[in-house]
Amino acid sequence: QMVRHAISEYDPVMKVKKVRSTKNPDSTYSLSITLQLPVRHYLSTTISDLQEYITDCIEKYGGIMVRGASIEIEEWG
């Protein structure tokens with residue numbers, strides 16, 4: 001739910017298809033996120049900016065330490 005909220009704040013056109021989290025031995029989490037975008041929609045920033053935004057939001061508002069977020073983007077037409 002926190003990932004969906006962060007994505008909707010970042011770009012309301014993006015849709016979250018799937019989120020998987022894995023707890024690491026050091027009590028941090030790794031996220032794997034699949035997003036869907038319209039075919040002709042362009043991101044205004046880089047994927048690394050989006051990854052940083054998501055992890056920062058989760059750490060700031062949820063108090064959950066995130067080691068990283070991998071993002072896969074699918075297009076729909």
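Here are some friendly notes on the strands, helices and a few single residues of this predicted model.

1. A word on the ground rules. The model is predicted, so local features need pLDDT of at least 70 and side-chain atom pairs count only at pLDDT 80 or more, while totals for chains, interfaces and linings use all residues. Residues are numbered from 1 along each chain as its sequence is written, and side-chain values use heavy atoms, with hydrogens and water left out.

2. Let's begin with the hairpin. Strand β1 (residues 15-23) and strand β2 (residues 29-38) run antiparallel and are joined by 8 bridges. Two strands are said to pair if DSSP finds at least two bridges between them; strands (E, at least two residues) and helices (H or I, at least four) are DSSP runs, numbered from the N terminus. K23 has Y29 of β2 as its bridge partner. The hairpin leaves 5 residues between β1 and β2.

3. S27 deserves a look of its own. This serine is found in the loop between β1 and β2, and its phi is near 70°, a positive value in a residue other than glycine. With 46% relative accessibility, S27 counts as partly exposed; here buried means under 20% relative accessible area, exposed means over 50%, and partly exposed is in between (1.4 Å probe, protein chains only).

4. Next, the parallel pairing. β2 is joined to strand β3 (residues 66-76) by 10 bridges, and these two strands run parallel. P38 is partnered by W76 of β3. Between β2 and β3 the chain passes through helix α2 (residues 47-62), and this β-α-β crossover is right-handed. That term applies if, with the strands pointing away from the viewer, the path from the first strand over the helix to the second runs clockwise.

5. Helix α2 has 16 residues and reaches 22 Å from its first C-alpha to its last, close to the 22 Å expected at 1.5 Å a residue (the expected span is 1.5 Å times one less than the number of residues). Its buried residues are L50, I54, T55, C57 and I58. Seen down the axis of α2, they fall within an arc of 155°, so they line one face of the helix; the arc is that of the directions from the helix axis to the C-beta atoms. These buried residues pack against α1, β2 and β3, where contact means heavy atoms within 4.5 Å. Just after α2, G63 takes a positive phi of about 70°.

6. Helix α1 has its own buried set: V3, A6 and I7. They cover an arc of only 100° around the axis, which puts them on the same side of α1. The buried residues of α1 pack against β1, β2 and α2.

7. Y10 lies in α1 and Y53 in α2, so the pair ties together parts that are 43 residues apart in sequence. Y10 is partly exposed at a relative accessible area of 24%, and Y53 is partly exposed at 27%.

8. Lastly, S48 lies in helix α2 and, at 43% relative accessibility, counts as partly exposed. S48 and A69 are 21 residues apart in sequence and 9.2 Å apart in space, C-alpha to C-alpha.
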